[in-house]
Amino acid sequence: MEDRQAFGRELRRYVIGLVLALVLSGAAFALVAWAPLPPDGLLGAIAGLALLQVMAHFRFFLHIDLKQSHRDDLQLILFTGLIIGLMVAGSLWIIFNQNQRMM
Amino acid sequence: MGIEASVSPWLGKLSLSALPTDSVVAMGAALIAVLGALGTAGYITWKGKWHYLWREWFTSVDHKRIGIMYVVLALVMLARAVIEALVMRLQQADAVNQSGFISAEHFGQLFSTHGSIMIFFMAMPFLTGIINYVMPLQIGARDVSFPALNSISLALTAAGAALVMISLILAPFSTGGWSGYAPFTELSFSPGVGVDYWIWAVTLGSIGSTLTGINLAVTLYKQRAPGMDLMRLPLFCWTALCTSILMIFAMPALTVATALLALDRYLGMHFFTNDGGGNMMLYANLFWLFGHPEVYIVVLPSFGVFSELFSTFSAKQLYGYTSLVVATLTIAVLSFTVWLHHFFTMGQSAHINAVFGIATMLIGIPTGVKIYDWIFTMFRGQVRFPTPLLWGLAFLVTFVIGGLTGILLAIPPVDFLVHNTTFLVAHFHNMLIPGTLFGMIAAYQFWFPKAFGFRLEERWGKLAFGCWVLGFYLAFMPLYVLGLEGMPRRSAQVFDPSFRPWLLVAAGGAVLITLGLAALVLQLAVSIRHRDRNRVPVGDPWDGRSLEWACSAPPPKYNFARIPQVDARDAFWAMKQSGTAYVPPPRYDAIALPQSSAIGPVLGGLGLAAAFGLVWHIWWMAGLGVLGSIGAVIAWTFVPRPERTLSAEQVARTEARWHAAIAEATPASRDAEHATSNRGLAQVGA
Amino acid sequence: MSGRIHPGINLRAGDQQPTTEGVMFGFWVFMMSDAVLFALLFAVYASLSGNTAGGPEAGQVFKLVPAALETGTLLLSSSTFGLASLAMKYRQSMAWLQGMLAVTLVLGMIFLGLEIHDFMDMARQGAVPQVSGFLSAFFALVPTHFLHVAFGCVWIVVMMLQLRVFGLTHTTRTRLLRLGLFWHFLDIVWVMLFSFVFLRGLL
């Protein structure tokens with residue numbers, strides 16, 4: 001009995017994840033297909049949708065949440081995010097600045 | 001070192017003209033490499049030890065064996081790189097307004113192999129070996145989390161080193177420096193195989209290091225003995241943890257930089273080329289995203305070693321443990337924020353330069369905290385001065401000098417004046433030699449008795465120390481002066497006669513350093529000869545404080561018969577004080593240990609084949625190597641991982657031998673540390 | 001040592017062993033280093049995406065429909081792998097587990113096929129990596145993801161074989177967990193890919 005409930009709960013998680021991901025992906029593609037905003041705004045919207053979808057993947061497919069037992073690995077992901085942020089933002093800042101000064 | 005005109009399907013670009021016949025020095029080096037390899041192989045054959053070596057060492061997944069092999073690899077490569085440095089110093093002292101005895105091309109290879117070997121095949125293996133040996137013992141574990149992966153990492157690193165050694169015989173190696181800057185390393189400026197040697201050797205090593213980083217981090221998180229909370233870890237383990245985190249996050253940048261360079265060279269793409277939309281500054285950015293954390297990877301373990309040394313040889317708890325931990329973590333994170341200081345002059349705005357310059361200065365603060373903590377550890381301690389601590393003292397003074405020049409260099413306008421001069425060369429050697437090498441040599445001296453069961457001779461150790469320290473100052477202080485006077489780095493010739501006296505002094509320093517290395521070798525030879533009178537079977541020759549001293553020397557295969565329960569920092573010291581250090585447990589249990597595996601040597605061999613094939617465009621060999629490696633790993637996953645169980649009786653017998661040695665030994669006071677009466681049992685409360 | 005069960009370990013309590021945590025944590029760490037690798041390839045792409053050297057530009061070579069199909073296929077394959085994970089955890093039949101793995105494999109291969117078709121299309125247009133920095137960067141990023149997915153497909157085949165040979169042991173369970181982690185991670189990278197390469201290129 002308990003097993004079937006747990007199974008049902010987890011299955012629901014996967015289904016919610018799938019639906020969310022489809023909706024968020026579809027929205028992003030639709031935005032580009034019908035372009036209701038200027039390109040800069042669109043890029044921001046797409047970035048936001050991507051971030052939300054990544055969070056949905058982590059939450060519903062990979063079971064990462066704020067539960068105490070999962071916190072260590074949330075820390076690992078956040079630390080990785082920090083390092084990636086530093087490396088990518090720093091690199092883009094440097095390269096774009098150099099490009100600007102070359103033109 | 002001719003340029004190939006013919007390419008065959010069987011041998012690719014390889015032909016007899018790869019032999020460096022145009023230079024006597026190069027042929028000499030090739031000969032030494034060949035004779036060295038043949039001589040070693042011949043000696044092993046003569047002694048009939050191949051089977052033993054394969055069974056007990058090459059296929060071993062024991063962290064202690066793997067650690068020792070890493071250190072052996074590092075010491076061999078250190079010898080080559082020191083000799084290369086000596087040759088370069090002699091060339092520069094000679095070639096003042098004349099051509100010297102080394103061509104510019106050859107000089108280019110020398111500084112490239114010197115740097116690449118020192119970083120990737122000396123420093124990395126050395127620190128990996130020391131951490132591998134010591135850390136599991138210090139946390140009260142039986143091994144690392146992934147023993148077979150450990151063996152694979154070693155094999156890949158050795159394969160990379162082998163590739164660099166092969167480049168002595170089948171020349172040339174890259175002339176692009178250890179950093180391999182594009183566009184010089186692109187096909188248009190470096191059409192030969194040299195840069196490809198560099199790319200694939202570094203790639204093999206970096207895969208090994210990434211896997212090691214994962215292995216060590218998981219071990220530190222998951223294999224600690226009960227009661228060993230993070231804040232009870234020895235400082236050496238904290239630095240090992242931060243080092244492994246840096247390895248995990250920094251290595252990918254190197255992988256990307258070298259892989260994209262390879263794509264440019266092999267497939268004609270345009271990442272870093274002069275034309276076709278390439279951006280050569282992108283290479284420097286990617287490389288130093290790796291390169292800066294890398295220098296902290298090679299420095300942090302030494303900081304950990306020094307922490308152990310200062311507290312052990314002051315017979316005192318480390319001063320400011322928490323501040324040392326916080327400083328180490330801060331250094332680890334900040335090391336990802338400063339990489340631009342390696343290319344202040346590359347064309348970005350003064351604003352960006354300023355931001356990274358300030359970040360660079362900030363990183364000096366936690367380092368300074370550590371220096372003070374070490375000094376205060378010694379203050380009011382009962383300090384004694386065996387060889388390992390001498391290295392620590394030399395480090396304290398010398399590293400601070402180097403750090404000060406680093407703060408100078410962190411100021412972009414200053415850097416613009418001395419960038420790419422010998423001032424920079426002096427600075428980074430002033431960091432790396434005391435910061436990395438002194439620490440590693442000290443670690444070797446400190447933990448050698450634990451690993452091999454007998455002490456090293458102090459006299460030769462002190463002689464080696466004197467040669468190295470004096471040699472270092474003579475070799476590098478002149479370079480600061482020369483840099484300020486405008487001498488560029490990596491120069492095969494100089495044209496200002498006023499440089500010559502300084503270059504002669506520097507060459508003298510290089511000679512002294514070489515003698516210092518020879519003294520270390522002699523120390524080892526003499527110590528082996530006198531090993532019977534210097535045995536320390538009980539395992540605690542230095543009156544140590546952490547758990548690695550709580551077992552015999554050499555340790556049993558399983559490290560600890562019973563995993564210790566840890567109640568305090570300096571766990572072994574606490575056990576000695578409370579009298580529980582050598583109390584045998586009421587009963588012994590059977591212990592399961594992972595069996596040896598051939599997967600390491602197999603992947604090492606296949607990796608070497610793949611790399612060699614890629615270098616010389618021998619496509620069938622490259623393909624075989626890559627596909628073979630994938631196949632070998634898949635096949636290996638189908639083989640159940642064998643374990644060997646040591647019965648409780650076997651464990652009891654081994655432990656009984658140790659306890660008999662304890663009973664026979666008289667406790668040695670700290671003053672009698674170097675006497676032959678020191679059997680590894682320390683006097684408590686002395 | 002902790003009694004925490006961490007995210008990648010989607011096992012029932014009875015199936016876990018002392019080594020499980022270390023094994024799963026190690027694989028998470030490896031995935032994080034792979035994430036850094038991909039992030040840097042993205043940074044390279046962003047740096048070079050304007051360097052078209054007179055050759056084809058993003059708007060000329062990217063197409064919305066194939067990208068959407070690839071997105072849907074990969075997303076679906078993530079879900080079918082999720083179903084496989086559930087089958088493994090809740091002890092449904094081996095046939096169900098193998099079946100879901102097979103479906104995931106087929107979807108993965110469809111994804112690969114669609115991408116190959118895209119690459120060939122681009123080649124026909126003359127949009128090859130040797131033309132410009134932009135195309136080099138594109139062909140470094142997208143095929144790296146392609147190779148990861150291809151490797152994942154090989155891994156699925158290997159696991160299907162191992163399940164036949166060894167059945168559901170602790171080892172095969174943790175290998176399937178790691179494969180699952182890998183597969184979901186690839187979908188996450190794809191989200192970033194289609195957003196910041198294809199969609200951005202078509203703006």
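Two residues are in contact here if their C-beta atoms, placed from the backbone, lie within 7 Å. Tyr558(B) is found in a loop of chain B, the one between α16 (500-529) and α17 (571-577). Is Tyr558(B) buried or exposed? Because 20 other C-beta atoms lie within 10 Å of its own, and 20 or more is what the term requires, Tyr558(B) counts as buried.

Met346(B) sits in the loop between α9 (321-334) and α10 (350-362) of chain B, and it is partly exposed, because 16 other C-beta atoms lie within 10 Å. Leaving aside neighbours within four places in sequence, Met346(B) is in contact with Met281(B) and Ala284(B). Met346(B) and Asn285(B), which are 61 residues apart in sequence, are 9.7 Å apart from C-alpha to C-alpha.

From single residues we can turn to a whole chain. The secondary structure of chain C comes to six helices and zero strands, and the C-alpha atoms of this chain fill a box of roughly 60 × 35 × 25 Å along the principal axes. Of the 203 residues of chain C, 55% count as buried. Among the contacts in chain C between residues at least 6 apart in sequence, 79% join residues at least 24 apart.

Helix α3(C) has 26 residues and reaches 38 Å from its first C-alpha to its last, close to the 38 Å expected at 1.5 Å a residue. This helix is mostly covered, since 19 of its 26 residues are buried, and just after α3(C) the residue Arg91(C) takes a positive phi of about 60 degrees. Helix α4 (residues 94-124) of chain C has 31 residues and should, at 1.5 Å a residue, span 45 Å; its end C-alpha atoms are 45 Å apart, so the two values agree. Which residues of α4(C) are buried? They include Leu97(C), Leu101(C), Thr104(C), Gly108(C), Phe111(C), Glu115(C) and Met122(C). What covers the buried residues of α4(C) includes α2 (58-61), α3 and α5 (133-166) of chain C. Just after α4(C), Gly126(C) takes a positive phi of about 85 degrees.

The next step is to look at buried nonpolar residues across the model. In soluble globular proteins, nonpolar side chains tend to be buried together. The largest nonpolar core in this model has 304 residues, and those with the most contacts inside it are Leu163(B), Ala611(B), Leu40(C) and Val44(C). Not counting residues up to four places away in sequence, Val44(C) touches Leu260(B), Phe271(B) and Leu282(B), as well as Ala137(C) and Ala140(C). Apart from this core lies another, of nine residues, among them Val536(B), Val538(B), Ala553(B) and Ala682(B).

Where chains A and C meet, 34 residues of chain C are in contact with 39 residues of chain A. On the side of chain C that touches chain A, the helices α1 (18-48), α3 (64-89) and α6 (170-201) each supply at least two residues, and the largest share, ten residues, comes from α1(C). By class, this side of chain C has 22 nonpolar, nine polar and three charged residues.

Chain B also meets chain A, with 13 residues of chain B in contact with ten residues of chain A. The largest share of the side of chain B that touches chain A, four residues, comes from helix α8 (residues 280-312) of chain B. By class, this side of chain B has seven nonpolar, six polar and no charged residues.

Finally, the confidence of the prediction can be considered for chain A, which averages a pLDDT of 88, with 95% of the residues scoring at least 70.

Conventions:
Residues numbered from 1 in each chain as written. Chains lettered and ligands numbered in written order. Predicted model: local features only at pLDDT ≥ 70, side-chain atom pairs only at ≥ 80, totals over all residues. Nonpolar A, V, L, I, M, F, W, Y, C, P; charged D, E, K, R; others polar. Expected span 1.5 Å × (residues − 1). Buried ≥ 20, exposed ≤ 12 C-beta atoms within 10 Å, placed from the backbone. pLDDT = per-residue confidence, 0-100. Core = buried A, V, L, I, M, F, W, Y, C linked by C-beta atoms within 7 Å.
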